[in-house]
Amino acid sequence: MTDALARQVVDHMIEHDQFSRWLGVEILEVREGYSRIRMTLREEMLNGFGIIHGGIAFSLADSAFAFACNNRNNLSVALDTGINFTRQLLPGDTITAEARELHNGRSTGLYHIMVTNAAGDTVAIFKGTCFRTGKPLVTPANSL
């Protein structure tokens, strides 16, 4: 397994992920079991209280989770997730989600995702468990 394959898998995923593209997700770094992505918050993401809807930070963290747990080319889906919000978000800020693998099992994986704002403050902490299907997402480029 190489980081090149990890990137190939994530490139394939983002190409087919309309929601992450709508969010404006930018992929910063991908390695086996790891991803770091970011996005800029927009006015249309405000909730009724004038702050960014919590689902936006959740969605960014969930995308980072998906990219990290799938990048070994083993189709994996969320089994359980949870998030804690620690700071409000406002339009114009840029947030980054960094997903780190805590456990890589045969049928499950466990990931910790930190979401930070442009100042480096933690705004959310996300934990996700995935189920591994054993099915590949892509044909590795070097085997074509």
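Is F65 buried or exposed? F65 counts as buried, at 2% relative accessibility (buried means under 20% relative accessible area, exposed over 50%, partly exposed in between, with a 1.4 Å probe and protein chains only). The model is predicted: local features need pLDDT of at least 70, side-chain atom pairs count only at pLDDT 80 or more, and totals for chains, interfaces and linings use all residues. Residues are numbered from 1 along each chain as its sequence is written, and side-chain values use heavy atoms, with hydrogens and water left out.

An open sheet of six strands runs in the order β1-β2-β4-β5-β6-β3, with antiparallel pairing. Strands pair if DSSP finds at least two bridges between them. Helices (H or I, at least four residues) and strands (E, at least two) are DSSP runs, numbered from the N terminus. The edges are β1 (26-31) and β3 (76-85), each of which pairs on one side only. From one strand to the next, the twist averages 15°. Axes are lines fitted to C-alpha atoms, for helices over the stretch in contact, and angles run from 0 to 180 degrees between N-to-C directions. Strand β3 is joined to β6 (residues 122-132) by nine bridges, and the two run antiparallel. Opposite T81 stands G128 in β6. Helix α3 (residues 54-70) packs on this sheet. It touches β1, β2 (34-40), β3, β4 (94-104), β5 (108-116) and β6, where contact means heavy atoms within 4.5 Å. The direction of α3 makes about 150° with that of β2.

Aromatic contacts come next. Rings of Phe, Tyr and Trp (its six-membered ring) pair if their centres lie within 6.5 Å; planes under 30 degrees apart count as stacked, over 60 as edge-to-face and the rest as tilted. The count comes to four aromatic pairs. F19 and W22 are stacked, at 5.8 Å centre to centre and 25° between the planes. The two are three residues apart in helix α2 (residues 18-23), so about one helical turn separates them. F19 is partly exposed, with a relative accessible area of 43%. W22 is also partly exposed, at 41%.

The pair of F65 and F126 is tilted, because the ring centres are 5.8 Å apart and the planes lie at 50°. F65 belongs to helix α3 and F126 to strand β6, so the pair ties together parts 61 residues apart in sequence. F126 is buried, at 0% relative accessibility. Ring pairs link F58, F65, Y111 and F126 into a cluster.

Two arginines sit over rings. A charge counts as such if NZ of Lys or CZ of Arg is within 6 Å of the ring centre and within 35 degrees of the ring normal. R31 lies over the face of Y34, 3.9 Å from the ring centre. The charged end of R42 sits over the ring of W22, at 4.8 Å from its centre.
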